[in-house]
Amino acid sequence: MSDPTDPTGPADTTGPADTTGPAGASRAAGAPGGPRPEPLRFFGTTWVDHDGGYGLRRAGVAAGSLAAAAAGAFVLRFAYEGLAIARVGGFVNGLMIVMFAVCTALAFQRTWEGFGRRPADPAREDALRSLKAIGFVGSLLAYFVRSLFEAPGEKLVRAEYETARARYEKRRTTRAGNPAARRKRPRR
């Protein structure tokens, strides 16, 4: 009997397998039918066969991220003009420009690297979340540039999915069949 107050709830065997990350891909490989592809934000699993409006989604993501980056830069310009109106001084104005430029560059770099590999230290990525929030224009620009070539993160999840599929197929083909149907060897 399962506990109704258990926050995890009973195990759902009818839903899709959890395929978040490389460990999820191997967990899904044990499921009947093999591993399932990890859905990507805005794309779902259309990245697998490039169907279901994949090209339109990529164009939409590229246009949306570029528009959001332009809107963000516009908002940052208003913040800079607010400091100019307040006449806080050249040092503070320069400091703000340098801070946003550095945070934008670092956010672009971290976001771009995140498309190619999983973070080695998730705690460090959590610590850099505020830096990426300040440099949100860089993250949006990384998303825009990556969506020109593929769905952002597609290369990473495709490699993980293909590895999991290959592992699943290898396990499936190397099985010896039904162990109960084997002849028993006589003992000596």
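Colleague: What makes up the secondary structure of the protein chain, in helices and strands?

Modeller: The protein chain has 7 helices and 0 strands, where helices (H or I, at least four residues) and strands (E, at least two) are DSSP runs numbered from the N terminus. Along the sequence the pattern reads α-α-α-α-α-α-α. This is a predicted model, in which local features need pLDDT of at least 70 and side-chain atom pairs count only at pLDDT 80 or more, while totals for chains, interfaces and linings use all residues. Residues are numbered from 1 along each chain as its sequence is written, and side-chain values use heavy atoms, with hydrogens and water left out.

Colleague: How do you know what span to expect for α3?

Modeller: The expected span of a helix is 1.5 Å times one less than its number of residues. Helix α3 has 25 residues and reaches 36 Å from its first C-alpha to its last, which is close to the 36 Å expected.

Colleague: Why is F91 called exposed?

Modeller: Exposed means over 50% relative accessible area, buried means under 20%, and partly exposed lies in between (1.4 Å probe, protein chains only). F91 has 67% relative accessibility, so F91 counts as exposed. F91 sits in helix α3, residues 90–114.

Colleague: Which nonpolar patch includes F91?

Modeller: V88, F91, V92 and L95 form a nonpolar patch on the surface. Patches take residues with over 30% relative accessible area and no salt bridge, joining nonpolar side chains (Val, Leu, Ile, Met, Phe, Trp, Tyr) within 5 Å and like charges within 9 Å. Together the four residues have about 390 Å² of accessible area, by the Shrake-Rupley method with a 1.4 Å probe, where for residues only the protein chains shown count as cover.

Colleague: Which residues of α3 are buried, and what do they pack against?

Modeller: The buried residues of α3 are N93, M96, F100, C103, T104, A107, R110 and T111. They pack against α2, α4 (122–127), α5 (129–134) and α6, a contact being heavy atoms within 4.5 Å.

Colleague: Why is E160 called buried?

Modeller: The relative accessibility of E160 is 14%, so E160 counts as buried. E160 lies in helix α7.

Colleague: What makes up the largest nonpolar core?

Modeller: The largest nonpolar core has 11 residues: L40, F43, W47, Y54, V61, F115, A142, Y143, A151, V157 and Y161. Such a core is a set of buried Ala, Val, Leu, Ile, Met, Phe, Trp, Tyr and Cys residues joined through side-chain atoms within 4.5 Å. Helices α2 (54–86), α6 (136–149) and α7 (154–173) each give two or more residues to this core. Apart from this core lies another, of 5 residues, among them A69, L76, M96 and F100.

Colleague: Which residues does L40 touch beyond four places in sequence?

Modeller: L40 touches W47, A151, P152, G153, E154 and V157.

Colleague: What makes R77 and E81 a salt bridge?

Modeller: A salt bridge is a side-chain nitrogen of Lys or Arg within 4 Å of a carboxyl oxygen of Asp or Glu. The closest N and O atoms of R77 and E81 are 3.2 Å apart, and the pair forms a salt bridge. The two are 4 residues apart in helix α2, so about one helical turn separates them. R77, with a relative accessible area of 48%, is partly exposed, and E81, at 30%, is partly exposed.

Colleague: Why would residues at such a spacing point the same way?

Modeller: An α-helix has 3.6 residues a turn, so residues three or four places apart point the same way.

Colleague: How much of the protein chain counts as buried?

Modeller: Of its 188 residues, 28% count as buried. The accessible surface of the protein chain comes to about 12,900 Å², and 61% of that belongs to carbon and sulfur atoms.
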